[in-house]
Amino acid sequence: MHRGLLRRNGFWLWLSLALCLVSAIGASVVQTGAGSIAVKDMRWETSSGRMMNALLFTPDGATTESPAPAVVVSHGWWNNREMQDANYVELARRGYVVVSIDMYGHGDSAPLPQGDIVTNGTGMYDAVKLVADLPYVDTDRIGVSGHSNGARAANFSIAADDAADEPLIASVFLVDNEAFYTDAENDGAYFNYYGDRDVGLVADQFDEFFFRSYDAEGVALTTPQEFVTTPNAQSFLNFGADPAASGEQRVADEYYSDAATDSLRVLHTPPQTHPWGTISSATVADQLEFFERTLGAPAPIEAGAQIWQLKEAFTTLGLIGFAVFLVAFARLLLGTRIFAGATSAAGAGSAGDAGSMAREGVAATLPVRATSRGGLAWFWGGLVISAVFSGVSYVLLSQATWLLPLVFNDSGETVATPVGAVFFIALWAAVNGVAALAIMTVSYLAFGRRTGLSLVGNGVIPGWRMLVSGVGLGAVVVATAYGIVFVLDYFFTTDFRLWVIAIKAFSVDKIGLALLYLPLFLVYFVANSIAINSFNRFTLLGREWVNTAVLALFNALAPLMLVVAQYVTFAVTGELIPGFGGIFSIWLFPVIVILAVTAVISRKIYRASGNPYIGGFINASVVALMSVSNSLVVS
């Protein structure tokens, strides 16, 4: 390997590894309370006959002599156990034993049988029973909490608990899903579903899905901002009483008690959206206060004194380190003899010449295309057309009635696509990849060919050696990068994440699932890499980085504009854009960042190789793996 190449990439490679290590150590220090909280990664066969995965947090103060209260927490649909890190960090440091589950069908728990979301609270009640068997847990003080469908899992767990010989759940905190207000078996009469349990409910004022009231025709009568005034909310705060007979108008953020059941009720209505509930410091504080009131905190700390944000900062460092590693390691491998054929120099001479050129770093000097008025017109025109097509195609796919049963795993007894949400995003990506290929074809035939654009010289048409070697290099980079993730997970039980963007260790079945959707992602990311690098690489304002930044922006522009449009409409009208479901805008949050970052990754690798297929393959593989390991799997 040439020393100059090693020096150029060595700094970035070591920096990426340092960022990953600092991320894991720092996140571990936060979630273990600097060693005062034991963290276990558990996997066991539950009484439901399924394998469940969870994180167990045991503070030093929880002993057989002094049993501690316990809380089982759950993420929502299409997420995993680490999405509850704000809650498990803060609860554990206050002395609670905490179990954060992967609901069935999520993370490393067993796939969810189609249509079965009730059994033992999708796994939550199975975790409650496990907690109750721990000798250092006070079985009279067990609480459950969940976000979105995790809250629904808590509701289902109440039914399982009521049917048990010895009920175990004392407190319930529901975040961003409805409580149960009426009895379907009694003509929809209001009732107290929760019995003598303490119950808290968080109803966001801008929740995309819940906390509305409707007339008989299904027309919304009230928005989530008005929820506290509705009969459902008033019945909840009046412990199941018919609000028409209660007489008292109860308000948000005030605790109410009931002498008959010796229990508490509270409703919070923060001005936030549904997905924000997982990382809202206000909602975390509300939950901490609730469990301190109802279960008692063994190590009381003021609810607003939170440090989970520090863990999130460390895991974000890991995400950055992971992305830098993909580029630095790929560029380093290009200087080795075994992967020398992956560079565009392979098309210029013999394999030996190519290897020599790659080791000398000649591929890094690929010329930047000259700009002209016509070239800039095609450039900006192509970007605008691509962005418009991307946004329109996303909305149209979200409205396709034939597609939705596949996306939401509601297509009958046969599961056509086990990870429906990933299938939707991958299909949309492939549609846009085909559109990009069409735009590039028209651009080349109408303009590029007569201005000297070389498809061979720019890597669009690679030799077989360049293609195969490039794919092999990409596979080694992805495998090594995830190897780092697995090693750090083994020693520190942490992942790399920022909110809904996560790179994490996964069970072996996720590899097969990733391969199932990889072809669709390849269509997009390879086409996107070719468009960014082979067709649109030149200077803007005299700087190539400006060109890269513009391409990254336009990569993410359509999903960004859809999200902005959705939430501006919601804020102004109290309702979402008609025909554009809230879940589809929520799925775009990570997509915005991913599309911008992958544009930069593919450009950096192309500058060192002249091969657009390397970056395309790496991006597609990583996105496929991170997608299937952070979603719902149905069997």
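The side chains of Arg293 and Glu289 meet in a salt bridge, with 3.4 Å from N to O; the term stands for a side-chain nitrogen of Lys or Arg within 4 Å of a carboxyl oxygen of Asp or Glu. Both residues sit in helix α7 (residues 281-294), four residues apart, or about one turn of the helix. Helices (H or I, at least four residues) and strands (E, at least two) are DSSP runs, numbered from the N terminus.

This is a predicted model, where local features need pLDDT of at least 70 and side-chain atom pairs count only at pLDDT 80 or more, while totals for chains, interfaces and linings use all residues. Residues are numbered from 1 along each chain as its sequence is written, and side-chain values use heavy atoms, with hydrogens and water left out.

The salt bridge count comes to 18. One of them joins Arg497 to Glu82, with the closest N and O atoms 4.0 Å apart. Arg497 lies in strand β14 (residues 496-498) and Glu82 in the loop between β3 and α2 (85-93), so this pair ties together parts that are 415 residues apart in sequence. Arg497 is buried at 1% relative accessibility, and Glu82 is buried at 6%. The two also belong to a salt-bridge network with Asp41, Arg81 and Asp495.

Another bridge runs between Arg603 and Glu544, whose closest N and O atoms are 3.3 Å apart. Since Arg603 belongs to helix α17 (residues 588-609) and Glu544 to helix α15, the pair ties together parts 59 residues apart in sequence. Both of these residues are buried.

Now for helix α3 (residues 124-132), which is mostly covered, with seven of its nine residues buried. Among the buried ones are Met124, Tyr125 and Asp126. The buried residues of α3 pack against β1 (37-45), β2 (51-59), β3 (68-74), β4 (97-102), β5 and α4, with contact meaning heavy atoms within 4.5 Å.

Finally, there is the backbone. Ser148 has a positive phi of about 60° although it is not a glycine, whereas most residues other than glycine have a negative phi. Ser148 sits in the loop between β5 (137-147) and α4 (149-163), and is buried at 10% relative accessible area.

Note on methods. Buried means under 20% relative accessible area, exposed over 50%, partly exposed in between (1.4 Å probe, protein chains only).
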